Amino acid sequence: MPTPAASSDGAPIGRRVVLAMLGLGALGIVTGSKVQRGLEWALAPILARDGSGLAGLLPVSRFRIYSVTGQTPLRDATTYRLVVDGMVDSTLELNLADLRALPPTRLVRDFQCVTGWRVPDVPWVGVTVGDLIDRAGVQPGAVGVRFYSYDGLYTESLTMEQARRRDVLVAYDMENRAVPPIHGGPVRLYVAPMYGYKSLKWLERIEVTSQTPPVGYWANRGYDQDAWVGRSNGRRDEAT
Ligand SMILES: Nc1nc2c(c(=O)[nH]1)N[C@H]1C(S)=C(S)[C@@H](COP(=O)(O)O)O[C@H]1N2
Ligand SMILES: [Mo]
């Protein structure tokens, strides 16, 4: 969050990324264009190997692109699996087609990072976390839900009550197309009422738990566990 896709090892600027950026500049990318959408996907393998942090500066999105590992982990949409486990009657393993076959929830909401940037009116489509955990069968005594990313580092958690809100989604579409790899695709979390850091990218596992300790990459670094927009983190959004 402090720096986009920060490089931990001070890696030199990736040459291919510079070339890609020059190319984008020359094309005069327009937000929402088909060219841009193709590039989001085309660039993913390049950005996946780049440790320079330049991914966060690429003009491929209305969003800034964050990855605490400095990488874009790639998972093929055809082999992707989401596991729902923990205190459930039966563990679920769902592929993208399974997710898309479930009743969808559509939202158009702002996306706001605690550092001050905000993207207004983002269309999202996905399955509510509540619907998913109910399919698995939540056992008595479960009070929390944890989320794991296949970047190997990022985690998040919500109370059961928060996780069951109808505006908390396992999202597979954003901005009217499949979630691209740089934004956490094929599947990311979208927690509409909270700051962006709750919306974990590259989601691979949802665990129903008996506890809700502050488990989260940024919560472990001093940010609020309950990250309500406008009502947390010292009301940082007033600075925008
Ligand atoms: N796995 C993972 N998820 C993440 C992050 C991250 O670094 N890694 N950054 C978070 C933060 S701070 C924000 S604001 C949003 C940014 O989403 P975007 O990169 O799609 O713009 O992702 C959130 N989810
Ligand atoms: Mo953020």
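Student: What is the mean pLDDT of the protein chain?
Tutor: The mean is 84. This is a predicted model, and 75% of the residues reach a pLDDT of 70 or more.

Student: OK, what about residues 2-13?
Tutor: The pLDDT there is below 50. The stretch still has 23 contacts in the model beyond near neighbours in sequence.

Student: And how many contacts does the model have for residues 25-31, beyond four places in sequence?
Tutor: It has 10. The pLDDT stays under 50 over residues 25-31 as well.

Student: New topic. Which residues come nearest to ligand 1?
Tutor: R64, V68, H183, R188 and K201. They belong to a set of 22 residues around the ligand.

Student: What sort of residues make up that shell?
Tutor: There are 13 nonpolar, five polar and four charged residues.

Student: Back to R64. Which part of R64 is 2.3 Å from an oxygen atom of ligand 1?
Tutor: A polar backbone atom. V68 also has a polar backbone atom by a ligand oxygen, at 2.9 Å.

Student: And H183: how far is its polar side-chain atom from an oxygen atom of ligand 1?
Tutor: 2.7 Å. For H183 the atom is in the side chain, whereas R64 uses a backbone atom.

Student: How much of ligand 1 does the protein bury?
Tutor: 100% of the 530 Å² that the ligand exposes when taken alone.

Student: Where does that put the ligand, in terms of cavities?
Tutor: The space taken by ligand 1 is the largest cavity.

Key
Residues numbered from 1 in each chain as written. Chains lettered and ligands numbered in written order. Predicted model: local features only at pLDDT ≥ 70, side-chain atom pairs only at ≥ 80, totals over all residues. Heavy atoms only, no water. Near = heavy atom within 4 Å. Polar contact = N/O pair within 3.5 Å; in protein donor to acceptor, adjacent residues only side chain to side chain. Areas by Shrake-Rupley, 256 points an atom, 1.4 Å probe, with all protein chains shown as cover. 1 Å grid on protein atoms, 1.4 Å probe; cavity = no way out; pocket = protein on both sides within 12 Å on 5 of 7 lines; lining within 4 Å. Sits in = over half its atoms within 2 Å of the grid points. Nonpolar A, V, L, I, M, F, W, Y, C, P; charged D, E, K, R; others polar. pLDDT = per-residue confidence, 0-100. Contact = heavy atoms within 4.5 Å.
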